[in-house]
Amino acid sequence: MRTRDRVALDEWYAVASADELGPAPWPTRLLGEDITLARTPAGLAAHDAAGAPLPLRERYGLVFTTLGAPRGEIVEIAEAVEPDRRFVPCGWTLLRASGLRVVENFLDMAHFPYVHADILGAEPRTEVAPYRVEFRREADELWARGCRFWQPRAAATDTTGTMMEIDYRVPSPFVVMLYRVAPSQPHRRDCIALFIQPMEATLCRAVPLMWLADDISTHTAMLHFEQAIFLQDRVIVENQRPLALPLDPRAEIPTRADSSSVAYRRWLKEKGLRFGTAEWTGA
Amino acid sequence: MAWTAVALAADLGVGDVAGTRIDGEEIALWRDAGGTPHAFEDRCPHRGMRLSFGFARGDRLACLYHGWQFDGAGRCRAIPAHPDLSPPATITLRRHRCVERAGLLWVAFAEAPPPADAPAWPVLSLFLDRPATTREPWRERIAGTPLLLAPQPRSPTQSAWHVVALAPPADAAALRAALHARRRALERFADEQPAASERRHAMAGSSHLRSAREAG
């Protein structure tokens, strides 16, 4: 049943890759409701469970739709129009987890030495230095700036390790991005975005897209690198208890390293979002 | 029965971490470097990760997600994201009573006299896709070997028996075959006649209970 959570309904969601849609009906699920997509001779089409047409947008190689009335547009990603960027869509992964836990995991650096051991982090260099959290009220975005973490192998090109500098950006509750110094072109920043399709409160699909400044790696090497990382994260988000994200500050114990997570939860609470949170009661 | 057997002691070696359940309650079992077994709530208080996915380091259990370390008393002793921080004593896990007796690991949620000890030889753990019919361990002779069988109600639909021999098994292969045949018969019977099987095994359980009391 479609959620009645207005905050969740009034957003754009990526629900398919544009190149996987053909004339055959392509069923999927969004916010508790069955929806169907297809590419007809007249163009892309989608309808909800009752047969009502749904609005569609095609961007970044993805197809977006909404079950509500979004106030904002799909996030603008400046790197997507830079002609020399390597664009790497990494494919969809199904996760038996809340999409909100997936966002929070993407924002987290402290797990690198354990979940991505010897790739994105390594003991004993486990410290998370202080960083700045910014609520950008005008754009209604959440940022974590000036993040730094020791990474032994930050990208497919990196073999020596580096003190990585990262900015994180959360443009909407189910989309999360990062900008990091490109290991093979240190004057530029790689951009990685994760688009999440919340199917049920604790079931989602997610697709990472990367716009990299990397003249060296093969497309396959970049793809494999990101997929390996993402599957390591999947073990975590499918085994957190509860699966849904608690917004009550007393439910879990944060430290200073979790400033971005604390801010994200507060931002969601201010918005009044409930779908995928531990406070969600089923409607 | 306040104590529930959750594993053969021999199946949890030094440094091992495993997840189990009693009546749906998720538990992280682990054995520290000194050989002492522990049973913790299977949830890190930081971000809710199951601690049964974690790893033992010396006398501490570390969470897989962020490496937070907990000592045998459940108290957080290290937060790697802040190496210079002494974690406050308020960060302490809920832990359960856990003892090793008669070749089995036992867990209790409340105070109770520990289960009886006895020399024991590990046989096997059987996992059943059916509810437990009794909570009381019982003694029974199968394939010529005197056994202690300890049931574990895992969830409303799943249970386990943890079986040790109270004397060296006469024929270990025959014993294992007999126990597996018993499990298959129970599961088949439950599939065919769920309602009747519940009644019958409830009765069987109570007779086992009597024999256990007589034997003990």
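Reader: Which domains does the domain assignment give for chain B?
Author: This is a predicted model, so local features need pLDDT of at least 70 and side-chain atom pairs count only at pLDDT 80 or more, while totals for chains, interfaces and linings use all residues. Residues are numbered from 1 along each chain as its sequence is written, chains are lettered from A in the order in which they are written, and side-chain values use heavy atoms, with hydrogens and water left out. The bounds come from an automatic or database domain assignment. For chain B, that gives domain 1 (3-99) and domain 2 (118-199).

Reader: How many residues of each domain of chain B are in contact?
Author: Contact here means heavy atoms within 4.5 Å. The centres of the two domains of chain B, taken over C-alpha atoms, are 28 Å apart. Across their interface, 12 residues of domain 1 of chain B are in contact with 14 residues of domain 2 of chain B.

Reader: Which side chains meet in a salt bridge between domain 1 and domain 2 of chain B?
Author: A salt bridge needs a side-chain nitrogen of Lys or Arg within 4 Å of a carboxyl oxygen of Asp or Glu. The count between domain 1 and domain 2 of chain B is 1 salt bridge. With 2.8 Å from N to O, the side chains that meet are R135(B) and D23(B).

Reader: Which element gives the largest share of the side of domain 1 of chain B that touches domain 2?
Author: Strands are DSSP runs (E, at least two residues), and helices are runs of H or I (at least four), numbered from the N terminus. Two elements of chain B give two or more residues to that side: β1 (3-8) and β2 (17-22). The largest share, 5 residues, comes from β1(B).

Reader: What area do chain A and chain B bury between them?
Author: Buried area is the accessible area (1.4 Å probe) that two parts lose on being put together, summed over both. Here 29 residues of chain A are in contact with 22 residues of chain B. Of the area buried between the chains, 53% is on carbon and sulfur atoms, and the total is about 2200 Å².

Reader: Which residues in chain A lose the most area to chain B?
Author: Together, three residues make up 31% of what the chain A side buries. They are Y114(A), R241(A) and I253(A).

Reader: How many salt bridges are there between chain A and chain B?
Author: The side chains of R47(B) and E252(A) meet in a salt bridge, at 3.6 Å from N to O. Between chain A and chain B, the count is 5 salt bridges.
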